[in-house]
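Please look at the sequence and the structure shown below.

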Amino acid sequence: MTDRMVLNAEIREKSGSNYARKIRNEGKVPAVFYTHGEKAVALSLDEANLRDLLLHGAKLNDIIIGSQDARRFVFREIQYHPVTEEVLHVDIMGVRRGEIIQIEVPISLIGEASGVRTGGIMDHLLHVAIISCKAGEIPENIGIDVSEMEMGDTLTIADVKTDKFEFITPEDYAVVTISAPKEEEEPEVEEELEEGEEPVEGEESEETEEDSKS
């Protein structure tokens, strides 16, 4: 399990798009902290501090809001700019260690599939899954062994066996499939007429006007 890191935050007194743009220009990111049974709190985060946490990759971290004690949290939603990938807004959910939560976890494929070795093409269809688990037991990723998959096989969520968490993503969602390579179609070649063979209706005759008069 990756060690937790600390996210430092300040309470944000104002809201609105103009104020959010102003604090972004100051190197901060608008955020909202919420937890069960408590009123949501508007926050501003240091962008560099936030980037460090995101790069670190831990699912469960600590947040210190102003002078309050540290609290554990998970990122609920992160909004990025579609072009610059700048973090525009963050939703943060406070959790207790034994609390059951739902969270997105990345899916990673392990091993080389037998069907790929024989010429098949693998398509990784589902890259994240939503699971339900205790806040202190969030896996860094869901590793799926594909080494036994043959050409034509499809692996779904229902095929992933685990007793560490429960899938919220529907069981019939396909995770990975191996298909046969598509055969390239051979280009059509026009056949030349053999000597004495009449042209097909609609084709121009090769006779010249003089030949037809002779």
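This is a predicted model: local features need pLDDT of at least 70, side-chain atom pairs count only at pLDDT 80 or more; totals for chains, interfaces and linings use all residues.

A residue is called buried when its relative accessible area is under 20%, exposed when that area is over 50%, and partly exposed in between.

Side chains of opposite charge can pair when their charged atoms come close. A salt bridge requires a side-chain nitrogen of Lys or Arg within 4 Å of a carboxyl oxygen of Asp or Glu, and by this rule the count comes to two. One of them joins Lys 22 to Glu 26, with 2.9 Å between the closest N and O atoms. Lys 22 has a relative accessibility of 43%, which lies between the two limits, so Lys 22 counts as partly exposed.

Arg 71 and Glu 38 form another salt bridge, and here the closest N and O atoms are 3.2 Å apart. Where do Arg 71 and Glu 38 lie? Arg 71 belongs to strand S5, whereas Glu 38 is in the loop between strand S2 (28–34) and strand S3 (41–46); the pair therefore ties together parts that are 33 residues apart in sequence. Arg 71 is partly exposed because its relative accessibility is 26%. Glu 38 also counts as partly exposed, with a value of 38%.

Attention may now turn to the aromatic rings. A pair of aromatic rings is described by the distance of the centres and the angle of the planes. Rings pair if their centres lie within 6.5 Å, and planes over 60 degrees apart count as edge-to-face. The count by this rule is two aromatic pairs. In the pair of Phe 73 and Phe 75, the centres are 5.1 Å apart and the planes stand at 85°, an edge-to-face arrangement. Are these two residues buried or exposed? Phe 73 has a relative accessibility of 0% and so counts as buried, and Phe 75 is buried with a value of 16%.

Phe 165 and Phe 167 form a pair whose ring centres are 5.3 Å apart; their planes meet at 85°, so this pair is edge-to-face. Phe 165 is buried, at 15% relative accessibility, and Phe 167 is buried at 17%.

Two single residues deserve a separate look. Glu 85 is placed in the loop between strand S5 (71–80) and strand S6 (87–94). Its relative accessible area is 54%, and Glu 85 is therefore exposed. Apart from neighbours within four places in sequence, Glu 85 is in contact with Arg 51 and Tyr 80.

His 124 is part of strand S8, which covers residues 121–124. The side chain of His 124 reaches the backbone oxygen of Leu 126 at 2.9 Å. When residues up to four places away in sequence are not counted, His 124 touches Ile 107, Leu 109, Val 175 and Val 176.

The largest pocket holds about 490 Å³ of space. It is lined by 19 residues, and those closest to its centre are Lys 59, Phe 75, Ile 78, Ile 103 and Glu 104. Which elements give two or more residues to this lining? They are helix H2 (47–56), S5, strand S7 (100–110) and strand S9 (128–134).

Terms used:
Residues are numbered from 1 along each chain as its sequence is written. Side-chain values use heavy atoms; hydrogens and water are left out. Rings of Phe, Tyr and Trp (its six-membered ring) pair if their centres lie within 6.5 Å; planes under 30 degrees apart count as stacked, over 60 as edge-to-face and the rest as tilted. Buried means under 20% relative accessible area, exposed over 50%, partly exposed in between (1.4 Å probe, protein chains only). Helices (H or I, at least four residues) and strands (E, at least two) are DSSP runs, numbered from the N terminus. Contact means heavy atoms within 4.5 Å. A polar contact is a pair of N or O atoms within 3.5 Å; within protein, one must be able to donate a hydrogen and the other to accept it, and residues adjacent in sequence count only if both atoms are side-chain atoms. On a 1 Å grid over the protein atoms alone, a cavity is a set of points where a 1.4 Å probe fits but cannot get out, and a pocket is an open set with protein on both sides within 12 Å along at least five of seven lines; lining residues have an atom within 4 Å of a point. Grid points are joined across faces, edges and corners, and a volume is the space filled by probe spheres set on the points.
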